[in-house]
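Student: I am new to this structure. Please show me how to read it, one feature at a time.

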Amino acid sequence: MALVPLRVLLDHAAENNYGIPAFNVNNLEQIKAIMDAAREVNSPVILQASRGARKYAGEAFLRHMVLAAVEEYPEIPIVMHQDHGNSPATCYSAIKNGFTSVMMDGSLMEDAKTPASYEYNVEVTAKVTEVAHALGVSVEGELGCLGSLETGAGDKEDGHGFEGTLSHDQLLTDPDEAADFVERTGVDALAIAIGTSHGAYKFSRKPDGAILAIDRIREIHRKLPNTHLVMHGSSSVPQDLQDLINSYGGAIPQTWGVPVAEIQEGIRNGVRKVNVDTDNRLAITAAVREALAKEPAEFDPRKFLIPSMKYMLKVCRDRYVEFGSADQASKIKQVSLDEMAKRYIAASSMKKAVTV
Ligand SMILES: O=C(COP(=O)(O)O)[C@@H](O)[C@H](O)[C@H](O)COP(=O)(O)O
């Protein structure tokens, strides 16, 4: 199956009440582990690349590795998604490079550090949506800034994330504003801020409702029952991977992620795309540390790059099953970008939301 637009997968997920993990990719091993796990459990796949990933691998390598996955795993529907586009230009260059879905993150200004005004966010997101939809490409917007409800601080993973601290109002998506935002921008999916942040150091204790606002998802879903919601910063930071890394010489301070049960509650309330990157980073680090420690005389990189995938394979398999996307891949029908573009035109001339 050729690459599919994100909208196709999210509509199927909404119709069948499940969520799909969106895994970040930078290199061959990550793509192989994600795809092997998907094949094992028959799950659709969202591969997402940040600006950092596009810089790390280079546009051509990234594009061709994803196209190789399409060729090697023809039975699996795959989306290629731009994670956190900081400007319309970044989104357009992703579209030019074959991405079938883009995120325009207008919650921050183009410097990816300064919180943006609501009007700025609406303006840049609507602009990207108009161009992307004309080409059949899906769009994710973001409303509210990702950051910790414990400290008010943002995350600065790879330079993306606000500096300083923000109030709870700025760190939590407002349900009324969300309804207005979706209406004015026409996005296919909306990333919401509920107290999650990128990276391993999300919470200093097991999160409760005071620092992880799952209730906010329910409120937004009540206002926007037909909008696909997206949870960013949704790694669970498994204790066993923290322990494994530390047992092979790592120094990860005790930390907590988003419990899978909370994500499942989000999925029951309209969350369809769940961003997971850190868990796979931890899985790779644990496996590489273990392989190198067990064979200190080894110097062939393949001897630690092949094992590098083993814990990641498990993380991906677990998330497909836990989020409910396992057993769904073979039920999804291909919709081309051209067909999608026609549907957006038809829907806008009838002034209603597109349906797949
Ligand atoms: O939500 C995300 C990951 O959440 P996570 O840290 O896994 O809880 C992604 O959207 C991030 O954008 C991604 O991890 C950032 O990657 P880089 O910019 O470092 O490549």
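**Around the ligand**

Tutor: The shell around the ligand holds 1 nonpolar, 12 polar and 6 charged residues. Here Ala, Val, Leu, Ile, Met, Phe, Trp, Tyr, Cys and Pro count as nonpolar, Asp, Glu, Lys and Arg as charged, and the others, Gly among them, as polar. This is a predicted model: local features need pLDDT of at least 70, side-chain atom pairs count only at pLDDT 80 or more, and totals for chains, interfaces and linings use all residues. Residues are numbered from 1 along each chain as its sequence is written, and side-chain values use heavy atoms, leaving out hydrogens and water.

Student: Which residues come nearest to the ligand?

Tutor: A residue is near if one of its heavy atoms lies within 4 Å. Of the 19 residues around the ligand, Ser-50, Lys-202, Ser-235, Asp-277 and Thr-278 come nearest.

Student: Which polar side-chain atom lies 2.6 Å from a ligand oxygen?

Tutor: A polar contact pairs N or O atoms within 3.5 Å. That atom belongs to Thr-278. Arg-281 also places a polar side-chain atom 2.9 Å from an oxygen of the ligand.

Student: Which residues touch the most other members of the largest nonpolar core?

Tutor: Nonpolar side chains tend to be buried together in soluble globular proteins. A nonpolar core joins buried Ala, Val, Leu, Ile, Met, Phe, Trp, Tyr and Cys residues through side-chain atoms within 4.5 Å; buried means under 20% relative accessible area (1.4 Å probe, protein chains only). In this core of 89 residues, they are Ile-34, Val-45, Ile-78, Leu-190 and Tyr-320.

Note on methods
Polar contact = N/O pair within 3.5 Å; in protein donor to acceptor, adjacent residues only side chain to side chain. Buried < 20%, exposed > 50% of the residue type's maximum accessible area, 1.4 Å probe, protein only.
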